[in-house]
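I opened my notebook to look around one protein structure. Here is what I looked up, entry by entry.

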Amino acid sequence: MELFSLPSLFLLSTLFVFYISKFLNKRNQRNCYMLHYECFKGKDERKLDTETCAKVVERNKHLGLEEYRFLLRTMASSGIGEETYGPINVLQGREASPTLLDAYSEMDEIMFETLDKLFHKTKGFVSPSDIDILVVNVSLFAPSPSLTSRVINRYKMREDIKSFNLSGLGCSASVISIDIVQRIFETRENAFALVVSTETMGPHWYCGKDRSMMLSNCLFRAGGSSVLLTNAARFKNRALMKLVTVARAHVGAEDEAYSCCMQMEDKDGHPGFLLTKYLKKAASRALTKNLQVLLPRVLPVKELIRYAIVRAIKRRTTTKRESTSSGIGLDLKTGLQHFCIHPGGRAIIEGVGTSLGLTEFDIEPSRMALHRFGNTSSGGLWYVLGYMEAKKRLKKGDKILMMSMGAGFESNNCVWEVLKNLDGKNVWEDSMDQYPELSKIPNPFVEKYDWINDDTMSFIRV
């Protein structure tokens, strides 16, 4: 007696194939492969060297001698070099009267230059008409039509493209954009996504004298990136990396954390960006919350068990006074090989490095990205990644932790797995041989403006 007739067998085999293909497609949708990324590199005439920065400072007639000294001291100790790029209107001396055209011109140059290069390098298998998802993040500029519409119009993208325009998210917006793409990938098969991350600096140059608002002028520079992603399994062999996980933490419910990094006007009505002393504490809290979620996903169980045992023993044997120690106690190197710390400033890079028990070798890429390109806001992580690739540090199977922090206050981190040995040419090509040695040369401000350290002049007022 036959258990199944021929039609029944055919139906069963069809259902089997259907559910297997559905399972495989669902698994592929969870994939997020990085196919290519491009960082912006300005023209030589846009560089903010010592002489140019000093002239910009001297143009601000609201500053007294103490404010001059504060600014010059900050620049001398910032960890930023001579070759970062500034916005055109500031270089032309128009920082006090920016126009809407200045903002559009700055965005167009960064977005379109990186996208043009990206599409050129992926011409053989991806075109603008293939893009299903577009995410553009610029915190301080949200025009109408949106910047995503500006990109769609320029490249004549499809009518059914899903576009997202993010603003107000600060330096960590790039990882937020990656998270958005990954979530959409779970509902769409064989999709392509673009993430464009940058910031508009020129129209938001601070022209007042509040020290907490002057800091942004010293740290932020023109820059940005474009990243091409897909969940199509057939492109795995072309991909540079695969996304392992994303974790996000937000401590904005606390008033001090919410207001430590804020766009506002000073008491004289000059608009700018306020950075308070609480920023360091807010960053520490947000990063801690984030890593509590992320690290158990990427570190081996053996290391987590070891950490739990050591921590339990320490709790029993140490007093409260003795319990304050540097480092988190976990050996991150057991599951991670590289660390992209947001190049927001020297204090941030060194503080995160110390807290996580990282070596000078580990934080070198972030320090060099800050020195060469400055704090380029949400695009900064990709300059750090570019340094690692240019130095041929990235080998197949390595895992990279990207750490970003931004206004809100937020910490958004992700982990990538390298799929092939990487040594591609990028924005570091013409300066790679000079680093890290170039960063060790004393800042020219120190020698040229040595009077800023003469405390006998502190009583003088201009």
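The entries below follow the order in which I looked things up.

**Entry 1: the record**

I began by reminding myself that this is a predicted model. Then I checked UniProt, where an unreviewed entry lists Cys171, His250, His338, His342, His371 and Asn375 under "active site". I kept in mind that such annotations may be inferred rather than shown by experiment. From this set, His371 is part of the lining of the second largest pocket.

**Entry 2: His250**

Where does His250 lie? I found His250 in strand E6, which covers residues 241-250. Is His250 buried or exposed? His250 has a relative accessible area of 51%, and since the cut-off for exposed is over 50%, I wrote it down as exposed. Setting aside residues up to four places away in sequence, I noted that His250 touches Gly408, Phe409 and Glu410. I also looked for polar atoms: one in the side chain of His250 lies 3.0 Å from the backbone nitrogen of Gly252.

**Entry 3: His371**

Next I went to helix H13, residues 360-373, which holds His371. Is His371 buried or exposed? Its relative accessible area is 11%, and because buried means under 20%, His371 counts as buried. I then listed the contacts of His371, leaving out neighbours within four places in sequence. They are Gly79, Ile80, Gly81, Thr84, Tyr435, Leu438 and Ser439.

**Entry 4: the second largest pocket**

Which elements give two or more residues to the lining? I found H13 and helix H15 (444-448). H13 makes the largest share, with six residues.

**Entry 5: the nonpolar cores**

I turned to the interior with one idea from class: in soluble globular proteins, nonpolar side chains tend to be buried together. The largest nonpolar core here has 81 residues. Inside this core, Met157, Leu229, Trp382, Leu385 and Trp416 have the most contacts. Helix H5, residues 100-121, gives the largest share of the core, nine residues. I also noted a second, separate core of 40 residues, with Ala257, Ala282, Leu294 and Leu295 among them.

I zoomed in on Leu229 and again skipped residues up to four places away in sequence. Leu229 touches, among others, Cys32, Tyr33, Met34, Phe185, Phe192 and Trp416.

**Entry 6: cavities**

How many cavities of 30 Å³ or more are there? I counted three. The second largest cavity has a volume of about 50 Å³. Its lining is made of Tyr37, Glu38, Cys39, Trp382, Tyr383, Gly386, Asn426, Val427 and Trp428. Strand E1 (33-39) and helix H14 (380-390) each supply at least two of the lining residues. I was pleased to meet Trp382 again, as I already had it in my list for the largest core.

**Entry 7: helix H8**

My last stop was helix H8, residues 211-219. Which residues of H8 are buried? I wrote down Met213, Met214, Ser216, Asn217, Cys218 and Leu219. Among the elements that cover them are helix H3 (65-76), strand E7 (261-265) and strand E8 (271-275). At the start of H8, I found a side-chain oxygen of Asp210 within 2.9 Å of the backbone nitrogen of Ser212.

How values were computed. Residues numbered from 1 in each chain as written. Predicted model: local features only at pLDDT ≥ 70, side-chain atom pairs only at ≥ 80, totals over all residues. Heavy atoms only, no water. 1 Å grid on protein atoms, 1.4 Å probe; cavity = no way out; pocket = protein on both sides within 12 Å on 5 of 7 lines; lining within 4 Å. Helix = DSSP H or I, 4+ residues; strand = E, 2+ residues; numbered from the N terminus. Buried < 20%, exposed > 50% of the residue type's maximum accessible area, 1.4 Å probe, protein only. Contact = heavy atoms within 4.5 Å. Polar contact = N/O pair within 3.5 Å; in protein donor to acceptor, adjacent residues only side chain to side chain. Core = buried A, V, L, I, M, F, W, Y, C linked by side-chain atoms within 4.5 Å. Points joined across faces, edges and corners; volume = space filled by probe spheres on them.
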